[in-house]
Amino acid sequence: MIVPGMSDRLTSRMLTSALIRRAGQEGGFATVVRKGDEVAGSILLICLERGVETGLFERIPDYVGGYRLVPCGPNNDESQEERAQYLERRIKSDPDIWLIELDVPQPERFAAEIIC
């Protein structure tokens, strides 16, 4: 049942919780690095596969009513310091952002199935 005035959209907290639970069920690992706004915070994923970073991805609206994951930030050839500086800038410009570290096989595909 949808309550009048309530959105039928899942909150950021629900999505991140589902992602973390599902990663654990599949034998992977996910954790909240930084908690954002519980209702509408942006979600940025730090993706790893067997401990090796595969990239940063952000959940964004696709302008047809859904969401998609897009690569963001420095590429994997950049230094850890550049990645850290990028994340600091993002947090400073969007204090409501969630940072989730996800270590599962094919993390981008895995996350897209759950949060998009």
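The face of helix α1 turned away from its buried side carries Arg21 and Gln25, both exposed (over 50% relative accessible area; buried is under 20%, partly exposed in between; 1.4 Å probe, protein chains only). Helices (H or I, at least four residues) and strands (E, at least two) are DSSP runs, numbered from the N terminus. This is a predicted model: local features need pLDDT of at least 70, side-chain atom pairs count only at pLDDT 80 or more, and totals for chains, interfaces and linings use all residues. Residues are numbered from 1 along each chain as its sequence is written, and side-chain values use heavy atoms, with hydrogens and water left out.

**Helix α1**
- The buried residues of α1 are Ser12, Leu15, Thr16, Leu19 and Ala23.
- Seen down the helix axis, these buried residues fall within an arc of 95 degrees (directions from the axis to the C-beta atoms), so they line one face of α1.
- Their cover includes β1 (29-34), β2 (43-49), β3 (52-61), β5 (98-103) and α3 (107-115).

**Salt bridges**
- The whole structure holds six salt bridges (a side-chain nitrogen of Lys or Arg within 4 Å of a carboxyl oxygen of Asp or Glu).
- Glu38 and Arg13 form one of them, at 3.2 Å, N to O. The pair links distant parts of the chain: Glu38 lies in the loop between β1 and β2, Arg13 in α1, 25 residues apart.
- Glu38 is partly exposed at 35% relative accessible area. Arg13 is partly exposed at 38%.
- A network of salt bridges links Arg13, Lys35 and Glu38.
- Glu26 meets Arg22 at 3.3 Å, N to O. Arg22 is partly exposed at 33%.
- In helix α3, Arg109 and Glu113 are four residues apart, about one helical turn. Their side chains meet in a salt bridge at 2.9 Å, N to O.

**Whole chain**
- The chain has three helices and five strands, in the order α-β-β-β-β-α-β-α.
- The radius of gyration (over C-alpha atoms) is 14 Å, close to the 13 Å that the globule rule (2.2 Å times the number of residues to the power 0.38) gives for 116 residues, so the chain is as compact as a globular protein of that length.
- Buried residues make up 36% of the 116 residues.

Key
Contact = heavy atoms within 4.5 Å.
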